[in-house]
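Good morning, and thank you for coming.

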Amino acid sequence: MSETAVAVEHHADHAHDHHGSEGFLSKYVFSTDHKMIAMQYLFTGMGMAVIGGFMAYVFRMQLAFPGISVPGFGQVSPGEYNALVTNHGSIMIFWVAMPVLIAAFGNYCIPLMIGADDMVFPRINRLSYQIFLLSAVILLLSLFVQGGGFGGAWTAYPPLSAVGDYNQTSLGASMWLVAVALEFVAFLLGGINFITTLMNSRAPGMKAYDIPLVCWMIVIASILFMLSVGPLIAGAVMLLFDQTIGTGFYDPARGGDPILWQHLFWFFGHPEVYVVLLPAIGITIDIIATFARKKVFGYKMMLYTTVATGVLSFFVWAHHQFLAGIDPRMANVFTVTTLLISIPIAELCFVIIATLYGGSIRLTTPMLWALAFMAEFLIGGVTGIFLGASGADIYFHDTYFVLAHFHYTFYPIAIIGTFAAFTYWFPKMFGKMMNDTLGKIHFWGTIIPFNVIFIPLFVLGMGGQHRRIYNYEHFPELAGEGMYQLRELATYALLVMLAFQLVFFYNCIASWMRGKKAGKNPWESNTLEWTTESPPPHGNWPEGLPNVYRGPYEYAHPDREQDYWPQNEPA
Amino acid sequence: MSESVAIPLQHRPEPVRPKPLLSNGVLGMMIFIFTEVMIFAGFISAHAVVRSQAAGQMWPPFGQPRLPVQETALNTAALLVSGLVLVVAWFAFRKERSRARIPLLLSILLGTFFVYFQGLEWVALLGEGLTIQSSSYGGFFYLIVGTHAIHAVAALIALIWAGVRLNQGRLTGSELATVSAFWYFVVLVWPVLYIKVYL
Ligand code: HEM
Ligand SMILES: [Cu+2]
């Protein structure tokens, strides 16, 4: 009896039974279609990336040329500098990496790649985006309230973040916190949808090991998020109460403990980096398999490795607190777990190399991005090992070395991974091919400046440059000629990189308007999203959902003439 | 030399759509509850950390009232019974829908009793000078118990909604299971909070 109820419920939750006759609002604004919600997340995320990039431009100008009147912004005061850095970090992690990699590509790909007509809870999906949008608006408004935006770093350590008299931005700090909390709620709703959809809505015949890795990765990332975010929500409520109604949870004078926040934050914070990493790895692997025309090496090993990494990622958080006065014996334990976690990461790299080995590689733009992801992320991972050794970290902590480390991880994830996915699925999303030449110009114009920005920052960090300083002129040993040259080099490279993004925007619009028609399967790929029209119509497969007969990576099968073998083709 | 050389053409039986282990509603609710458990775990561990560092190991701190351990024990019992009665309602529903009415109503009443008496307890404690600002002891008490109370009220509203639909004869098994799962969470997390916060 309850089984029939299940089937009925699945359709009852589809709020969009009104095919065809949709008005503008119900089609573009209040849509419950997973593809439209994906677009909303994608474009909101990209808009936020532009804002975050602008902030980086302003504070990099201040760092290279202290006191300059920045074109388009004006003179940067210390308070503004702090607000810019803080919100740049928050935006790039919570309003760019998460919405684009998880929410946009998760929403777009999961139903299409597992052969479902939509998410299982379409209205919850719409609500998720609306809450996300609200959170973005609150964050942006917080920059303009009295006192200015919050400037206590994206990690928001108390007592600085808790006490208005210290941070001077009591309203901005609370709005920042509320915005982050709302963003979490949005992703909780989204994550519930992803996991349930993957479990319950797969096409007939699709077994666990027939699911494309990118779907697995996004779902595992959602699970990690769900498991890690609770303590931070608890901590955020306590921080909000400390800020607004005068409790003393983090105030040592009143029996509280400021280090408590660091534990709650990083218990979430470290799994969070894997939350954004996994989707990017999934995207990379799918693209590499497609363009190397080879089966992914060790599909199951990859999957188990990922799960192991996820579990381990809950036991490394205190490597962010080696200098926060934690017990040195505890620091030893966390050094060991941190070194351990680089093993699965290395394994993922070898899996990708083994997949490439002997393939007949097609160097398309998405493939270039996928390869670049591997190469650049490797540098981020390797420098993490230096930081994870608690002895070395005494020197490196809170220097630009740390900053360069996490940009060598986050940038490949959030920017390179996004460009890989965007250029790969663009033909599906918009029905047109992107211009490959422009794509490659944009690729090199992004990758080269990226390295020129951040390699100098490693050097500066090793030279002792602290992360959170507004003007190095006041520190004689950091204000030398050589150091300023490196800072200026990084800033010029940033300007070049930002300029090359215009090529990307031009390419998007030009290809969308007059690009070559893409057809159903321009990349000759196996997965299900390539078996429907581009762009897919409402309901994804109007003539009936596909059946699945094999795994997603059957390229170059010796018994077949075609070098690919779509999942839905009967044997 | 590709890996797939050794694999012969696979023949699989004609695909069928498998029956899901859990309905969408129940699965979604269970994932949500997972997150909720972690939120309470966060509160509880924060509480434990602060308590272990209390000045002079005084807990409650000097000048703060003790929490009413016995009265709340009674209240805890009411909540647990409410959970049990809801289990009864589920089995009654499986036999014949209308038979679930009385146990469901009873469960809601016991739950309301719990929330009401917790409210009375708060009023009394406020009178004795325990406020959310008065100490980290009071802070954690109102924070943790208040969070639980918000969940209890939300779950009760969901149960009432289920009761109304049951009366109209429209309640599905999956809906009842989803709503009940949330109430079980509220019931089962409470003894942990009671032991950690009151004792
Ligand atoms: C998954 C990709 C990774 C991302 C996105 C990432 C991100 C970050 C971020 C954001 C920080 C700085 C936090 C702050 O203080 O503001 C950081 C610091 C750190 N990362 Fe990573 N990381 C990644 C991989 C790794 C790996 C593989 C290791 C070690 C094997 C590692 C070890 C560390 C350590 C030890 C620190 C603390 C350094 C310090 O503050 O002194 N990370 N990482
Ligand atoms: Cu970490």
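This is a predicted model: local features need pLDDT of at least 70, side-chain atom pairs count only at pLDDT 80 or more; totals for chains, interfaces and linings use all residues.

Which helix gives the most to the nonpolar patch? The answer is α12(A), with 5 residues. Helices here are DSSP runs of H or I with at least four residues, numbered from the N terminus.

Residues are numbered from 1 along each chain as its sequence is written, chains are lettered from A and ligands numbered from 1 in the order in which they are written, and side-chain values use heavy atoms, with hydrogens and water left out.

The patch itself covers about 470 Å² of surface and is made by A:Leu339, A:Leu378, A:Ile379, A:Val382, A:Ile385 and A:Phe386. Among them, A:Ile385 has its place in helix α12. A patch of this kind joins nonpolar side chains (Val, Leu, Ile, Met, Phe, Trp, Tyr) within 5 Å, from residues with over 30% relative accessible area and no salt bridge. Accessible areas come from the Shrake-Rupley method with a 1.4 Å probe, and for residues only the protein chains shown count as cover. A salt bridge is a side-chain nitrogen of Lys or Arg within 4 Å of a carboxyl oxygen of Asp or Glu.

I turn now to ligand 1. Its iron atom has A:His405 as the only protein donor, through NE2 at 2.2 Å. Donors are N, O and S atoms within 2.8 Å of the metal (3.2 Å for Na, K and Ca), and sites may look incomplete because water is not among the atoms. A:His405 is found in helix α14, residues 400-430. The copper ion, ligand 2, is 4.5 Å from the iron atom.

How many residues surround ligand 1? There are 22, and the closest are A:Asp393, A:His397, A:His405, A:Thr409 and A:Arg467. To be counted, a residue must have a heavy atom within 4 Å. Helices α9, α11, α12 and α14 each supply at least two residues of this shell.

Finally, consider the loop between α5 and α6. A:Pro159 is found there, and a cis peptide bond joins A:Pro158 to A:Pro159, with omega about 5°. A:Ala156 has its place in that loop too; although not a glycine, A:Ala156 has a positive phi of about 50°.

Terms used
Patches are made of residues with over 30% relative accessible area and no salt bridge: like charges are joined within 9 Å, nonpolar side chains (Val, Leu, Ile, Met, Phe, Trp, Tyr) within 5 Å.
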